[in-house]
Amino acid sequence: MAQEDLLIRPATDAAARALPSNVEAEAAYLGAVLIDNRVIEELQTPLSPQHFFEPVHARIYERILHLLDRKAVVTPVTLRPYFEADEALKALGGVAYLARLTADGQGLLAPRELAEQIYDLALLRELISVGRGLVEGAMDTSESVEPMEQIERAEAALYKVAEGAATSNEAQSFGVATRTAIQAIEKAFNSGGHISGKTTGLTSVNEKIGGLHDSDLIILAGRPGMGKTSLATNIAFNAADRLQRDLADGMPVEKSVGAATAFFSLEMSADQLATRILAEQSGISSEALRMGKISREDFQQLSFASQRLAELPLYIDDTPGLTIAALRARARRLKRRHDIGLIVIDYLQLLQGSGRATDNRVNEISEISRGLK
């Protein structure tokens with residue numbers, strides 16, 4: 001069958017046609033997957049349905065992933081019942097098109113390269129969308145002009161593109177959510193039934209909450225002088241230390257219950273925070289360290305502790321008066337550079353809101369809490 005037989009004409013809109021795409025590569029890749037389902041298992045590129053330019057291809061790939069998740073063998077025959085009523089597919093020749101995808105097995109020669117091209121072109125389309133939005137926002141002066149806020153929004157959008165996320169927040173299927181939940185349960189099971197999130201390093205706390213979970217916002221409250229900063233510092237250190245030890249033992253990052261940690265210290269400087277951690281790990285009081293009232297043996301012990309902690313994946317930002325937007329931007333950079341899995345902020349009241357709720361501190365704290373979530 002001639003290659004042009006597989007060509008799908010995209011939408012007639014001129015702007016849509018101008019977007020980077022390779023519909024033939026999409027068809028060839030789908031054909032390779034339908035001929036040999038193991039192609040997806042060996043795939044290194046995080047390819048998902050939204051990366052396909054042609055909507056029909058996106059729906060076909062989504063159904064393939066769904067059937068493979070159910071351990072079914074996917075062929076044009078097993079796909080047929082799901083697409084018999086698909087109007088867009090009828091315009092391409094109906095379900096016979098599914099068989100035509102496998103007629104030319106050239107996709108099997110280089111499926112990884114095809115997947116990478118589909119993924120890269122999807123990122124370029126998202127980048128174009130971000131660029132258009134940035135230009136339109138910068139040109140619009142009908143409302144209050146806040147350039148820094150626009151820059152932060154642009155940075156957030158670019159970060160999503162860099163991570164391969166869709167430009168729009170699409171609804172997540174229950175199947176995807178279920179798989180994520182099962183993975184968390186499996187992690188708890190493998191840990192002996194104690195923890196499914198990131199460790200706090202405190203057994204009693206882990207047993208009660210199962211560790212710190214992705215998307216959790218935990219606010220540690222208490223009266224002044226009760227040890228909130230000390231506890232938060234310990235949790236940050238314990239999570240980072242556990243990751244360091246697990247990696248040293250050859251464990252993959254995703255299997256570890258530790259995490260690279262970002263600590264935003266809005267009150268205490270980075271060196272003060274480091275002194276606290278060194279005091280804890282060396283067994284010397286922080287007061288003695290600050291005053292220099294230590295013996296030669298204490299100093300040697302301190303030196304050993306500092307060497308052990310030198311490579312600790314704990315990153316301290318002591319910039320005062322951060323806004324929520326600025327904190328998000330800094331956290332995204334740390335995620336991109338160091339793949340952080342835990343953020344600790346000391347403390348919430350020192351963060352600044354947008355300025356719209358300064359007349360009411362309760363409203364501002366509510367706004368800050370929502371922003372953190």
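Is Tyr-61 buried or exposed, and what is its relative accessible area? In this predicted model, Tyr-61 is buried, with a relative accessible area of 1% (buried means under 20%, exposed over 50% and partly exposed in between, with a 1.4 Å probe and protein chains only). Residues are numbered from 1 along each chain as its sequence is written, and side-chain values use heavy atoms, without hydrogens and water. Local features need pLDDT of at least 70 and side-chain atom pairs pLDDT 80 or more, whereas totals for chains, interfaces and linings use all residues.

**View 1. Tyr-29 and Tyr-61 form a tilted pair.** The ring centres of Tyr-29 and Tyr-61 lie 6.0 Å apart and their planes stand at 55 degrees (rings of Phe, Tyr and Trp, the latter by its six-membered ring, pair if their centres lie within 6.5 Å; planes under 30 degrees apart count as stacked, over 60 as edge-to-face and the rest as tilted). Because Tyr-29 belongs to helix H2 (residues 23-35) and Tyr-61 to helix H4 (residues 55-69), the pair ties together parts that are 32 residues apart in sequence (helices are DSSP runs of H or I with at least four residues, numbered from the N terminus). Tyr-29 is buried, at 0% relative accessibility.

**View 2. Phe-52 and Tyr-61 form a tilted aromatic pair.** Their centres are 4.9 Å apart, with 40 degrees between the planes, and both Phe-52 and Tyr-61 are buried. Tyr-29, Phe-52 and Tyr-61 form one aromatic cluster.

**View 3. Leu-124 lies in helix H8 (residues 111-139).** Leu-124 is partly exposed, with a relative accessible area of 40%.

Technical notes: Helices (H or I, at least four residues) and strands (E, at least two) are DSSP runs, numbered from the N terminus.
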